[in-house]
Each structure stands twice: as structure tokens, then as C-alpha cells.
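Reader: I like to know where the words in a structure description come from. Could we go through a few of them together?

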Amino acid sequence: MCARFAAPNTVSLSLEALENLCVLSRLEITSGEMEGVAAKLSEIVTLVDTLQAVDTDGVEPMAHPLDRAQQLREDRVTESDRHVRYQRNARRVEQDLYLVPRVIE
Amino acid sequence: MHDATIAQLAEALRTGKVSAVELAEHFLARIERFGGDLNAFITVTPESARAQAERADARLAAGDSTPLTGIPIAHKDIFCTRGVRTSCGSRMLDNFISPYNAAAVERLEAAGAVMLGKTNMDEFAMGSSNENSHYGPVRNPWDRDTVPGGSSGGSAAAVAARLVPGATGTDTGGSIRQPAALCGITGIKPTYGRVSRWGMVAFASSLDQAGTLARTAEDAALMLKVMAGPDPRDSTALPDPVPDYIAGLAKPIGSMTIGVVDDFFDDGLDSDNAQRVRDALAVMERLGATLKSIRLENIGLSVPAYYVVAPAEASSNLSRFDGVRFGHRAEGAGDLTELYMRTRGEGFGAEVKRRILTGTYVLSAGYFDAYYLQAQKVRQLISEDFARAFREVDVIAGPTTPTPAFPLGQKVDDPVEMYLNDIYTIGAPLAGLPALSMPCGLVRGLPVGLQLVGPHLSEGRLLRAAHGFQRETDWHTLAPPGI
């Protein structure tokens with residue numbers, strides 16, 4: 001049971017595909033790391049690819065592990081304004097606003 | 001004093017044999033002595049601990065105490081603690097001072113427990129060896145060249161080394177039970193939703209659950225009783241009333257039927273580890289329990305299903321780390337996308353990056369049905385297998401891990417090998433079930449665990465079975481050599 005799963009296909013992720021994933025994930029991977037990351041991701045995808053062989057026709061995807069609805073509460077304001085305390089954790093704040101690089105030229 | 005359990009310390013506090021301040025000082029001195037070597041703590045909080053201990057002594061004197069008043073504890077550094085760094089084991093949050101307390105922290109504080117510090121962990125709880133921490137690996141107190149397990153490895157090592165009598169942890173795929181097994185202590189992951197997740201840094205929201213690491217089932221019951229319960233701030237926190245776990249411990253386990261999954265005892269399980277588990281099952285039988293062989297047909301799919309669902313949810317949850325509102329921020333970025341990419345590239349470690357990329361891959365256009373939806377269907381099949389089994393048995397017992405603690409560095413370059421280490425623990429969270437690990441013997445001088453899994457909301461039953469076992473055996477009383 002613990003042996004490596006006999007995967008029907010070995011998936012190999014190209015560097016181009018990885019570059020695209022990095023952009024989608026907003027995650028910088030240095031060029032020196034790319035090949036190593038692609039190789040390990042390929043192994044992980046090969047592992048999860050074993051799910052493709054499972055017959056799940058007519059099976060409902062799980063929505064909640066206990067098959068319960070979420071707890072709802074009354075829709076009213078319960079929080080006070082604590083932005084000063086919260087903004088202490090931001091590196092760049094000016095006039096109560098978070099600063100980011102210029103987005104409009 | 002540090003060999004005493006929480007229950008024994010509570011009695012000593014109640015009868016005035018020791019004060020909360022004395023207890024805090026004693027355990028702070030032990031953290032000072034052993035903590036650095038084991039690297040079990042990221043942050044120690046002696047000043048606030050002393051203040052909390054003084055308040056606990058005042059409550060004890062006034063007769064306004066609970067069984068946890070004055071008990072020293074530690075929190076896994078995934079729980080937000082007001083005014084104290086909450087790093088989640090990541091460079092990303094190295095500078096994050098939480099503005100509020102997590103629900104679990106709040107509840108333990110209200111009961112009078114004294115926080116001594118925040119424990120080391122795999123970054124964002126992603127790992128099975130505690131080698132993925134920005135603050136360096138935790139060492140196993142039984143053998144410092146081996147891993148303590150993960151991701152709650154700091155909590156497990158701290159409890160095993162008697163640096164605190166109890167600690168909090170979180171479990172997404174085994175992160176309480178696996179380190180509890182490898183460090184020789186008792187850990188319980190409750191039913192999904194039993195403890196509020198409010199203020200717990202999110203990893204995989206449909207799996208994450210808070211629980212406890214302590215030395216005995218009785219101590220786990222004392223802590224869980226306080227932590228569990230409804231919370232309007234977490235819409236998945238269960239509204240069901242919390243039973244009196246302590247009162248339930250007294251009942252005998254004689255009439256229980258225990259399911260044993262034969263497939264778990266194949267070549268993948270270390271043969272000595274298997275023997276310790278079989279010996280433990282024989283003890284249960286001697287106590288009057290009936291053993292019954294069962295099958296969980298789809299359990300072998302739990303690792304691949306988990307490594308779709310958990311990374312998918314992680315990739316979404318971790319998108320909040322953008323360098324703008326809190327946490328690490330890259331310097332000198334020219335535009336917003338560059339700020340995001342460089343902040344996240346610098347702030348996250350290798351395993352977290354792998355999980356984010358895996359999650360993004362399985363959720364990307366055209367792949368969602370094939371991976372995420374398929375994994376949720378497989379999860380349903382696994383859950384139905386458990387439900388069928390629980391129509392015939394009261395609990396399912398087996399090994400917690402395939403082997404005792406492995407050497408530091410052994411699996412760190414092979415993520416898939418590391419993932420397969422969670423083979424026995426991943427099923428329960430996929431089905432939202434409560435599960436517990438307790439010590440059941442030594443293999444080559446290292447502890448191994450017996451895992452008990454029960455139906456939803458059967459924490460009381462699991463704790464009762466473990467307590468019955470611990471009254472018959474003394475594995476849970478063994479201390480690591482030199483501690």
C-alpha cells in the first residue's frame with residue numbers, strides 16, 4: 001500500500017508550462033531553480049494522475065465532510081473600525097492607505 | 001515536576017502544593033535548557049507567561065479556577081496570538097505581529113492556561129518532518145539525528161521533552177498524529193469543525209482542524225473540552241454541544257468492536273512497527289474489545305486525492321500573501337505584478353512553492369474537472385468506505401506511521417516519498433473523521449504510535465479507548481533518554 005503508485009502515465013511538465021504556472025500563481029522562481037522545480041512537480045503530478053483511472057461515474061463530489069450546511073448568523077455589523085491596528089503590519093502605509101507601485105501612468 | 005501530567009499538575013495547583021508562577025518558571029527554565037538544542041520553539045514569551053501565571057494564582061486563590069488554570073502550554077505558531085509574532089514557520093510572516101487571538105488561544109486563555117511560547121512547525125503546516133521551517137528543523141528528543149514528524153513537530157517535541165505538559169497543534173493530513181507517534185506522545189485531531197478555525201492560518205480549509213498534543217488521553221480530554229465548541233466567527237464550526245470527555249473516560253472499553261484494516265499490514269509497514277501495533281491490539285482484546293477484520297477499498301487513493309485537494313485549497317488561501325497588507329514585502333519592485341511575484345518568491349520556501357504550483361496546476365482552465373472534481377469524488381468514495389465500516393465497528397485501529405522517526409535529511413529531496421509517509425493518517429481528514437495517536441511501544445529505541453479513528457463526533461469514544469489502554473500499559477510514561 002505504501003509503495004509508489006503504479007502510475008499509468010508519467011507526466012513531464014515543460015519549462016514553458018512551469019513559467020505559465022508561475023505567472024498564474026504570482027510566484028517568482030529563479031532561472032537556476034526552474035529545472036529542479038519542473039522535475040519535482042512532474043513527479044507530484046504523476047502521483048495525482050493515478051486518480052484518472054478511478055471509475056467515479058455517478059459519484060457526487062464531496063461538498064462537506066459531514067454533509068452539513070454552513071452555520072449562518074444574522075447579517076449585521078459586529079466589527080468596529082480597527083484599521084490603525086491592522087495597518088501596523090503593513091510595510092508601506094500613507095494617509096491610512098496601503099501603498100503599492102504605481103498602476104496608472 | 002515536569003514528569004507530571006496536566007491532570008496531576010492541576011491537582012497540585014488546586015491543593016496549593018505548587019503555584020502557577022512556580023510552574024511557569026520551572027518549565028521556562030527547561031525551555032531555556034533544552035529548547036535551543038531541539039529547536040522546538042520559534043518564540044518564547046516569558047514576560048506574558050509570568051503575568052498570566054500571576055493572574056492564574058489569583059484565580060486559584062479566589063476559587064475561580066478551571067482544571068487548566070495555571071497549566072503551562074505552548075501554541076503551534078499557526079495560531080494567531082495577540083501582540084506576539086505569528087510566523088507560521090515562514091519567512092513570509094517573520095515580521096507579523098498578530099492583532100488578535102485565535103479562537104483556540106482565546107478559549108485556553110480564558111480557562112487560565114499559561115502560554116509559554118510558540119512552537120516550530122513546517123512552513124504553513126506543509127510537511128511531515130519539520131524540515132520545511134524557515135527557522136530550521138526541529139530535532140526529535142528521542143534521537144536528535146531524526147525528525148520529530150510534522151507539521152506540528154515543535155509542539156510534539158516540546159511535550160515529549162517535558163518542556164510543556166501540553167500544546168496545541170493542527171492536522172490537515174496527519175500533522176498532529178504523525179509527530180505525536182514519532183515523539184511518543186498522545187495527539188488527537190477532532191472531527192472537522194469541532195474546534196473553531198478562526199485565527200488559525202489557513203492551509204486547506206476543507207481539511208484543517210485544530211487539536212491537542214499531550215502525554216495522556218486524559219490530558220488531551222482536558223484540553224479538548226476547553227478548545228471545542230461552536231463559534232459564530234467560523235461558519236464551519238459545529239453547533240453540537242461538547243460532551244464531558246473527562247466523565248466519559250471512566251467507562252470501560254469492554255464492549256467495543258475494533259476494526260482492523262488488514263491491508264495496512266503489508267510490506268509498506270516496518271515489520272517491528274507492525275508487531276508493536278499487533279501487541280497493542282492484543283491488549284485491547286484482553287480488555288474485552290472484539291477485533292474485526294475490515295476493508296477500506298479506496299483508502300489507497302487517499303494520498304493522490306489529498307495532494308489534489310490540499311494544494312488546490314492552499315494555492316487559493318495563500319494568495320492573500322501579497323506583500324501589501326502584512327508580511328514580507330520585496331524591495332524595489334517596478335510594478336504591482338513584480339511586487340507580488342518577488343514578494344512570494346522570496347517569502348515562501350521550496351515546499352510551499354511546490355504546493356502552490358501544484359494547486360494552480362490542478363485548478364487551471366481545462367484541468368479542474370479532471371483533477372479537483374475527480375479528487376472530491378474519490379474523497380466521497382473514501383468517506384463512504386469509512387461510513388460502511390462504522391456500521392460494523394466502533395473504532396478502527398492501526399499504525400499511525402509506516403516506520404519510526406527517520407533520519408534528518410533522508411526524504412527532504414523526494415517530496416513524493418515524504419507524502420507517502422502520511423498514508424495511514426490522510427484518510428481521516430479526507431472524511432472529516434476524528435482520529436488519535438498514542439504511544440504503543442519502541443522500535444529500535446524510537447517510539448511508534450497506534451492510531452484510532454472513529455465516526456464523526458466520537459472524540460469521547462476515542463479518548464475512552466486510549467485511556468483504557470493507557471491504564472493497562474506504560475508506553476505513554478516513557479521519557480526520551482537524557483530528558
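Reader: Happy to start with a strand: what makes β5(B) and β6 of chain B a pair, and which way do they run?

Author: Good place to begin, and please keep in mind that this is a predicted model. Two strands pair if there are at least two bridges between them. β5(B) and β6(B), residues 209-214, are joined by three bridges, so they meet that cut-off. The two strands run antiparallel. As for who faces whom, B:Gly187 stands opposite B:Leu213 in β6(B).

Reader: What joins β5(B) to β10 of chain B?

Author: Three bridges again, to residues 435-443, and this pair is also antiparallel. Here B:Ile188 has B:Leu436 of β10(B) as its bridge partner.

Reader: How do you know that both faces of β5(B) are covered?

Author: In a regular strand, side chains alternate between the two faces of the sheet. For β5(B), residues 186-189, one side carries B:Thr186 and B:Ile188, and the other carries B:Gly187 and B:Lys189. Buried calls for 20 or more other C-beta atoms within 10 Å. All four of these residues are buried, so both faces count as covered.

Reader: Why are α1(A) and α12(B) called roughly perpendicular?

Author: Their axes cross at roughly 95 degrees and come within 9 Å. The label covers 65 to 115 degrees, so α1(A) and α12(B) are roughly perpendicular to each other. On the α1(A) side, A:Leu21, A:Leu24 and A:Ser25 meet B:Ile356, B:Leu357, B:Thr360 and B:Tyr361 of α12(B), residues 350-363. By class, this contact has five nonpolar, two polar and no charged residues.

Reader: And how many residues of the two chains are in contact overall?

Author: 43 residues of chain A are in contact with 66 residues of chain B. On the chain A side, α1, α2 and α3 each give two or more residues, and α2(A) gives the most, with seven. That side has 26 nonpolar, seven polar and ten charged residues.

Reader: Last one: which residues have the most contacts inside the largest nonpolar core?

Author: This core has 170 residues, and those with the most contacts inside it include B:Val114, B:Leu116 and B:Ala305. Helix α10 of chain B, residues 302-317, supplies the largest share, nine residues.

Key: Residues are numbered from 1 along each chain as its sequence is written. Chains are lettered from A and ligands numbered from 1 in the order in which they are written. This is a predicted model: local features need pLDDT of at least 70, side-chain atom pairs count only at pLDDT 80 or more; totals for chains, interfaces and linings use all residues. Two residues are in contact if their C-beta atoms, placed from the backbone, lie within 7 Å. Helices (H or I, at least four residues) and strands (E, at least two) are DSSP runs, numbered from the N terminus. Ala, Val, Leu, Ile, Met, Phe, Trp, Tyr, Cys and Pro count as nonpolar, Asp, Glu, Lys and Arg as charged, and the others, Gly among them, as polar. A residue is buried if 20 or more other C-beta atoms lie within 10 Å of its own, exposed if 12 or fewer, and partly exposed in between; C-beta atoms are placed from the backbone. A nonpolar core is a set of buried Ala, Val, Leu, Ile, Met, Phe, Trp, Tyr and Cys residues joined through C-beta atoms within 7 Å. Axes are lines fitted to C-alpha atoms, for helices over the stretch in contact, and angles run from 0 to 180 degrees between N-to-C directions. Angles under 35 degrees count as roughly parallel, over 145 as roughly antiparallel, 65 to 115 as roughly perpendicular and the rest as oblique.
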